[in-house]
Amino acid sequence: MSKNLLENKILKEITSGLTATMLTGAYSLCVCGVLGLDLWHALFCSVICFFLSFETKKSIFSPDAFLLLPVLYMVSSGSKNLLPVVAIAGTVIAILLKKLLKSNELPSYVFAGGGIGIAVVVTILLTNNYFGIGASGTTALEMLKSYRSLGFHPDFRGLLYGTVTLFAMITYPFKFKKLNKILPAEFMTLLIPLIMNLFLNPVKELTTINEIDSFKALSLSDLAYDFSLSGISSNDIIVAIKASVILGVLIYLYSAKTKEKENVHFLANCGSTFVSGIPVRAFPIQSFSYISLITAIISTVVIIVFFPNILSRIPMHCVGALLIVSAWQNVPYKKVAAAFKENSVIALLITVISVVIFITTELFTAIIFCLLCALVSGRLKK
């Protein structure tokens with residue numbers, strides 16, 4: 001009897017490890033695909049997430065569509081080498097905000113306007129990947145202007161793959177609630193279009209689909225990272241400061257609503273961003289033990305080391321669709337509803353203004369506006 005219980009417990013822990021691999025792996029691959037990072041970054045990000053998730057027991061750290069924005073801003077601005085600095089600075093800013101602002105004093109309209117605004121920005125920026133338009137821009141407004149100039153001319157096979165991911169991400173968690181806890185929607189909605197692409201579009205050299213070109217077999221020579229500050233311009237420093245503030249505010253907002261240990265949450269972001277360039281947040285999971293940790297690490301290493309050619313065939317259309325849906329799933333809808341109960345006129349006005357600012361200005365300005373609203377509201381309450 002006890003032997004059967006032990007075997008069932010071990011099997012459950014192994015299953016949790018595989019679930020963690022599928023969830024964290026899916027987001028790591030998608031974020032690296034969007035940022036143009038290689039599989040080393042995905043591997044390091046995943047391993048760090050697994051190690052730090054052991055401390056939380058009931059959650060798994062993973063990259064996130066919201067936290068992608070400050071890194072995407074740096075990469076598109078050509079300041080990627082300063083990411084380790086941004087990792088530390090962003091974490092310090094988040095800790096300072098935690099000391100200065102009490103999460104229970106933050107008005108709901110700050111979460112509502114900020115959440116909807118960030119989701120809109122993610123949608124505008126990543127629609128480029130979903131449709132395969134080839135647009136460019138570092139802000140939502142720049143990207144919209146680029147869309148207007150280029151027009152929408154999607155590859156319809158790629159659009160098919162992306163739409164499969166889009167609808168599956170929305171419907172799968174509701175139709176298969178129990179199965180979603182074992183086989184996450186993020187994994188399934190990448191796997192199905194990938195299989196479709198391998199069968200319908202078998203020859204990579206002849207593909208017309210936008211696939212993850214930055215993925216290739218791991219090489220030790222690719223591990224070299226230039227930490228030198230030589231050649232860093234004043235513009236790079238300004239970009240790094242803005243990205244640090246954006247990252248710090250976002251980490252603070254996540255830590256404000258999570259029940260996980262704050263030090264682990266901050267450490268996970270600092271460690272992952274410093275080593276892999278990718279910030280992370282906690283996702284719920286049934287359990288995560290030593291056996292789960294070992295299972296997750298081994299399975300991730302095996303997949304990335306032995307199947308880089310297959311991973312490189314993941315359509316970018318699916319990557320964009322997955323992250324867009326994930327962003328909207330992450331909007332604090334309860335806060336949106338609560339905002340209109342506090343003071344409908346003020347809440348509605350600030351929420352709308354916040355969304356407009358996120359679309360028409362750069363992300364840094366919009367984040368500062370939300371932060372000022374939080375500070376002013378806190379002072380008025382006192």
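**Reading the Terms in a Predicted Model**

A search of the whole structure finds 5 aromatic pairs, where rings of Phe, Tyr and Trp (its six-membered ring) pair if their centres lie within 6.5 Å. The structure is a predicted model, in which local features need pLDDT of at least 70 and side-chain atom pairs count only at pLDDT 80 or more, while totals for chains, interfaces and linings use all residues. Residues are numbered from 1 along each chain as its sequence is written, and side-chain values use heavy atoms, with hydrogens and water left out.

Q: Why is the pair of W40 and F44 called stacked?
A: Planes under 30 degrees apart count as stacked, over 60 as edge-to-face and the rest as tilted. The ring planes of W40 and F44 stand at 25°, with the centres 5.6 Å apart, so the pair is stacked.

Q: What separates W40 and F44 within helix α2?
A: Helices (H or I, at least four residues) are DSSP runs, numbered from the N terminus. In helix α2 (residues 39-53), W40 and F44 are 4 residues apart, and therefore about one helical turn lies between them.

Q: How do you know whether W40 is buried or exposed?
A: Buried means under 20% relative accessible area, exposed over 50%, and partly exposed in between (1.4 Å probe, protein chains only). W40 has a relative accessibility of 13%, so W40 counts as buried.

Q: Which term describes the accessibility of F44?
A: The relative accessible area of F44 is 30%, so F44 is partly exposed.

Q: Why does S276 count as buried?
A: S276, which lies in helix α11 (residues 262-276), has a relative accessibility of 2% and therefore counts as buried.

Q: Which backbone atoms does the side chain of S276 reach?
A: A polar contact is a pair of N or O atoms within 3.5 Å; within protein, one must be able to donate a hydrogen and the other to accept it, and residues adjacent in sequence count only if both atoms are side-chain atoms. The side chain of S276 reaches the backbone oxygen of S272 at 2.6 Å and the backbone nitrogen of I278 at 3.4 Å.

Q: Which residues does S276 touch, not counting residues up to four places away in sequence?
A: Contact means heavy atoms within 4.5 Å. With that exclusion, S276 touches L37, H41, F44 and C45.

Q: What makes H41 a buried residue?
A: H41 lies in helix α2, and its relative accessible area is 18%, so H41 is buried. Not counting residues up to four places away in sequence, H41 touches C32, S276 and I278.

Q: Where does the charged end of K335 sit?
A: A charge sits over a ring if NZ of Lys or CZ of Arg is within 6 Å of the ring centre and within 35 degrees of the ring normal. The charged end of K335 sits over the ring of F111, 4.9 Å from its centre. In another such arrangement, R281 lies over the face of F283, at 3.9 Å from the ring centre.

Q: How are two packed helices described?
A: The description uses the angle between their axes and the distance between the axes. Axes are lines fitted to C-alpha atoms, for helices over the stretch in contact, and angles run from 0 to 180 degrees between N-to-C directions.

Q: At what angle do helices α6 and α16 pack, and how far apart are their axes?
A: Helix α6 (residues 140-150) and helix α16 (residues 344-360) pack at about 60°, with their axes 6 Å apart. That angle makes α6 oblique to α16. Angles under 35 degrees count as roughly parallel, over 145 as roughly antiparallel, 65 to 115 as roughly perpendicular and the rest as oblique. The contact is made by A140, L141 and L144 of α6 and F358, I359 and T360 of α16.

Q: At what angle do α2 and helix α12 cross?
A: The axes of α2 and helix α12 (residues 290-306) cross at roughly 175° and come within 9 Å. That makes α2 roughly antiparallel to α12. Among the residues making the contact are L39, A42 and L43 of α2 and L293, A296 and I297 of α12.

Q: Why is Y147 called buried?
A: Y147 is placed in helix α6, and its relative accessible area is 6%, so Y147 is buried. The side chain of Y147 reaches the backbone oxygen of I124 at 2.5 Å.

Q: What makes Y161 buried?
A: Y161 is found in helix α7 (residues 156-175), and its relative accessible area is 0%, so Y161 is buried. Leaving aside neighbours within four places in sequence, Y161 is in contact with residues including P193, M196 and N197.

Notes
Helix = DSSP H or I, 4+ residues; strand = E, 2+ residues; numbered from the N terminus.
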